[in-house]
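Dear colleague,

Here is the structure I promised to pass on to you. Please look through it first, and then read the notes that follow it.

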Amino acid sequence: MSKVATLITDQFEDVEFTEPAVAIRGAGHEVITIEKEAGKTITGKHGEEVNIDQAIDDVKPEDFDALLIPGGFSPDLLRDDERFVSFAKSFMDAKKPVFAICHGPQLLITAKALEGRHATGYKSIRVDMEYAGAQFEDREVVVCGDQLVTSRTPDDIPAFNEALLKLL
């Protein structure tokens with residue numbers, strides 16, 4: 001079964017983490033939350049609390065099979081830290097599955113990892129994604145090759161979960 005790294009911090013969009021995590025775990029895979037500090041509790045935009053499993057300094061991308069990037073303000077906060085940017089970029093470079101929803105692609109924009117890829121995201125980051133070289137598609141889920149799964153909003157979670165489970 002797969003081990004899925006999740007880059008997440010405060011102000012994440014609650015259901016964009018909880019629902020994919022339930023689906024991934026329900027299919028027998030492992031979800032590991034990663035932030036600046038292990039053991040701390042972070043809080044989503046709507047009050048969901050998540051305990052952090054690992055600190056970014058204590059993990060290596062090669063220890064994981066896939067990457068989940070929930071939306072909300074979390075990706076914007078994380079992309080200010082080169083450790084998270086490099087971690088995300090390494091999954092794209094290694095062609096490992098990456099699942100990003102809503103504002104999640106912001107981390108991939110900063111990692112300069114979207115050029116030439118078909119993707120979607122929240123409407124307010126469309127222009128940013130296009131400037132980053134992505135071929136933006138306004139659809140509930142966009143699967144690019146056997147690697148990148150992106151969606152726009154919480155309404156798209158069922159399609160997002162179905163697509164990411166196929167890749168896992």
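In these notes a residue is called buried when its relative accessible area is under 20%, exposed when it is over 50%, and partly exposed in between, with a 1.4 Å probe and protein chains only. Please bear in mind that this is a predicted model, in which local features need pLDDT of at least 70 and side-chain atom pairs count only at pLDDT 80 or more, while totals for chains, interfaces and linings use all residues. Residues are numbered from 1 along each chain as its sequence is written, and side-chain values use heavy atoms, with hydrogens and water left out.

I begin with the cysteines. The structure holds zero disulfides, a disulfide being a pair of cysteine sulfur atoms within 2.5 Å. C102 is in no disulfide, and the nearest cysteine sulfur to it, that of C144, is 19 Å away. C102 counts as buried because its relative accessibility is 6%. C144 is likewise in no disulfide, with the sulfur of C102 as its nearest at 19 Å, and C144 is buried, with a relative accessible area of 14%.

Next come the aromatic rings. A search of the whole structure finds three aromatic pairs, where rings of Phe, Tyr and Trp (its six-membered ring) pair if their centres lie within 6.5 Å, and planes under 30 degrees apart count as stacked, over 60 as edge-to-face and the rest as tilted. One of them joins F12 and F17 edge-to-face, at 6.2 Å centre to centre and with 80° between the planes. F12 counts as buried at 0% relative accessibility, and F17 is buried too, at 4%. Another edge-to-face pair is that of F64 and F87, with 6.1 Å between the centres and 70° between the planes. F64 lies in the loop between strand 5 (54-55) and strand 6 (66-69) and F87 in helix 3 (residues 82-93), so this pair ties together parts that are 23 residues apart in sequence; helices (H or I, at least four residues) and strands (E, at least two) are DSSP runs, numbered from the N terminus. Both F64 and F87 are buried, and together with F91 they form one aromatic cluster.

Two lysines also belong with the rings. A charge is said to sit over a ring if NZ of Lys or CZ of Arg is within 6 Å of the ring centre and within 35 degrees of the ring normal. The charged end of K96 sits over the ring of F91, 5.3 Å from its centre, and the charged end of K45 sits over that of F73, at 5.2 Å from the centre.

A nonpolar core here is a set of buried Ala, Val, Leu, Ile, Met, Phe, Trp, Tyr and Cys residues joined through side-chain atoms within 4.5 Å. The largest such core has 31 residues, of which L7, I34, L67, F87 and L108 touch the most other members. Strand 1 (3-7), strand 2 (30-35), strand 6, helix 3, strand 7 (98-101) and helix 4 (105-110) each supply at least two residues of this core, and helix 3 gives the most, with six residues. Leaving aside neighbours within four places in sequence, L67 is in contact (heavy atoms within 4.5 Å) with V4, A5, L7, F87, A88, F91, P97, V98 and F99. A second, separate core of 22 residues includes I8, A21, V50 and V149.

A21 is also among the buried residues of helix 1, which are D14, E16, F17, P20, A21, A23 and I24. What covers these buried residues includes strand 1, strand 2, strand 4 (49-51), strand 6, strand 7 and helix 6 (157-167). Helix 1 is followed by G28, whose phi is positive, near 95°.

Finally, two residues other than glycine deserve a look for their backbone angles. Q11, found in the loop between strand 1 and helix 1, has a positive phi near 70°, and Q11 is partly exposed, with a relative accessible area of 35%. K112, which lies in the loop between helix 4 and strand 8, has a positive phi near 55°, and K112 is exposed, with a relative accessible area of 71%.

With best wishes
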